[in-house]
Amino acid sequence: MPDRFETPQASALFLSAFFDELIACGVRDVVVSPGSRSTPLSMVAHASSMNLYVDVDERGAGFFALGLAKATGRPVCLICTSGTAVANYYPAVLEAETSRVPLIVLTGDRPPRLQNLGAPQTCDQLKAYGDHVRHFQQMPLPGANPQEIAFARQMAKTAFIASVGTPAAAGEDGSPFYGCIGSAGPVHFNFPFDEPLKPDLSVRGLFEIGRGPLAPDEPIIAAPPELSERQVHAVRAAMGGRRTIALVGEGACFNAGDVEDLIAWAHRFSIPLLADPLSGLRWVDDELVIDAYDSVFANEEQPSIDCVIRFGRYPVSKACFASICACSASAEADRGNAADGLRSEGADGRPVQIVVDAVETRDFNVATDLFVRCAPMAFVRALCGDGEGCSGEAQAAYAEEWIARNRAACVRIERIADAGDDTEAAYVAKALELAPEGSLVFAANSMSVRLIDAVYRSSGKRLSLLCNRGLNGIDGTVSSALGAAQAYRQTTFVTGDLTALHDLNALSMQRELTVHHGGDAASSIVIVLLDNSGGGIFETLPQKSEDAYFERVFLTPQRVDFEQAARAFGVPFERVETVRRFEEAYRAALGVPGISMIEIPFAIEGTAERFGRYR
């Protein structure tokens, strides 16, 4: 190899070393938005063995990558040019930060000689995302001497390590899962490039230069945290003799092993598992999986609660959160003398709250008594493995009370569905019933995820359920669903009209997902569009009013011809108005490569009443 290289050669070698090291670390996917200044990154990424997706809209591309990383648990690279393109990643970066999703953002930039001189498409990109990324790195202009190549490879390792943090769980094959409940998050690497921008991909040593002698299967060996005997005793003391429930939040279970361990722990200690639809547990057919707890909290006086063990984020159910807050606010003195053999709540009258999370409490109820900083599965395995006795008869009877309440709520909801209901919930329930085993259901925020929470019953049919609940936004949701769908053969995306409208240009990915990624082998995505022509969720919120401001500012009524929009992007479309017709259309759409859309129209008036039937 020569000592000096021209810019096109240096860029090719420097960046090929960077991408080769990312691939060695386990990165498999890259999403590119076309641009001039990012030409070296885009061309070398295209020449690599990564799966490459092209999305012309940077905002959508950011959410596409986020959905893909969320579904696979692996970091996904993002590549864009300089200027406002960088800013368009910001919403996805914020969601990735709070949802703990590993993203590696690679931005092209002007060289130092053009900074602060009014050069076109040039702005200060240093730490553009502030403290919202796990790591920022300003890269040098590419070079190809041994020290520069070694630096490129080390920075790739740094990008990977910073983005994945501590593995959250092990996959089915034993490989680490980096998403959602660990300390994963976005990182930003800013690459300045001078002209000529086009790299010389014919140069010798591409993707091989500077390789080390070792190529381990796993680039990080992270010993799983284990609770000591003293720590297990402290947890048992906090739980002991108290009426205990577990709130199982988003992403607690990633695989069958997690589910088995959590169920075993629940049975050993007779703990009712109030399973959020995003927990990874809701599909399990076990009596201790309390899947209608939202209805229990919303419609009747729930069993007394003296201890809450929460795994990760609070559940979607607002009734659950409000009830836990109410328990904290009301100190019933006579419960300390309960005759059932269980201890009462904490000294101030509220339940003892134990939070189990790998990073932070995420407790906006500000009531954490004991914070156990570890992954949920490390917690349950430690408690099951310490050899001490199981729960007593009183806790077992308490669990039976929850089981009975849950069964009653399920029966009440099933009667409504059996009576030929045609509300939004009935369509969502039918979609969940028909969704194939092992497929993905991606939920939009607002009403969509709440409808799923209301009707998703434990059936034994395994479904993966994802949603962007980090910041509860609607931006980029269609793109996120399409990105996540790339990890599955079949995806069902449940959304409202405003969410779809907010990211309508994501439908332009139809060609990318079918022509460039498999044709007949491409993933199938069925969009179930619940169209009430506005912001129906506000019918269920305190903002509801008869005053003029409510319709103008909150309901935001609109009329979009989604059929014409779908046709414009080559997306097959059906509009249905009965559950029976929906079933026919949905079955026909299953397995169709790329995106299909089924629209169900509703009146915006009465949204709250229709939703309330299922609670």
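**Close-up views of the predicted model**

**Figure 1. Asp369 and Arg350 in a salt bridge.** Asp369 has a relative accessible area of 41% and is therefore partly exposed in this predicted model. Its salt-bridge partner is Arg350, with the closest N and O atoms 2.6 Å apart. The pair links distant parts of the chain, 19 residues apart: Asp369 belongs to the loop between strand 13 (352-357) and strand 14 (370-373), and Arg350 to the loop between helix 10 (318-329) and strand 13. Arg350, at 16% relative accessibility, counts as buried.

**Figure 2. The salt bridge between Lys70 and Glu250.** The side chains of these two residues, Lys70 and Glu250, meet at 3.9 Å, N to O. Lys70 is part of helix 3 (residues 58-72), whereas Glu250 sits in the loop between strand 9 (244-248) and helix 8 (256-269), so the contact ties together parts that are 180 residues apart in sequence. Lys70 is buried at 2% relative accessibility, and Glu250 is buried with a relative accessible area of 11%.

**Figure 3. Strand 20 and its parallel neighbours.** Of the 8 residues of strand 20 (residues 594-601), 7 are buried, so the strand is largely enclosed by the rest of the structure. Strand 18 (residues 524-531) pairs with strand 20 in the parallel sense over 8 bridges; Ser524 has Gly594 of strand 20 as its bridge partner. Strand 19 (residues 573-575) also runs parallel to strand 20, joined to it by 3 bridges, and Phe573 stands opposite Met597.

**Figure 4. Helix 20 within a β-α-β unit.** Together, strand 19, helix 20 (residues 579-589) and strand 20 form a right-handed β-α-β unit. Glu583 counts as partly exposed, at 22% relative accessibility.

**Figure 5. Leu262 in the largest nonpolar core.** This core holds 96 residues, of which Leu262, Trp265, Leu281, Ile309, Phe311 and Phe379 touch the most other members. Leaving aside residues up to four places away in sequence, Leu262 touches Val248, Cys253, Leu273, Leu281, Phe311, Met377 and Val380. A second, separate core of 50 residues includes Leu66, Leu466, Ala500 and Leu507.

**Figure 6. The enclosed helix 14.** Because 8 of the 9 residues of helix 14 (residues 447-455) are buried, the helix is largely enclosed by the rest of the structure. The buried residues are Met447, Ser448, Val449, Leu451, Ile452, Asp453, Ala454 and Val455.

Methods: Residues numbered from 1 in each chain as written. Predicted model: local features only at pLDDT ≥ 70, side-chain atom pairs only at ≥ 80, totals over all residues. Heavy atoms only, no water. Buried < 20%, exposed > 50% of the residue type's maximum accessible area, 1.4 Å probe, protein only. Helix = DSSP H or I, 4+ residues; strand = E, 2+ residues; numbered from the N terminus. Core = buried A, V, L, I, M, F, W, Y, C linked by side-chain atoms within 4.5 Å. Contact = heavy atoms within 4.5 Å. Pairing = 2+ DSSP bridges. Right-handed = clockwise from strand over helix to strand, strands pointing away. Salt bridge = Lys/Arg side-chain N within 4 Å of Asp/Glu carboxyl O.
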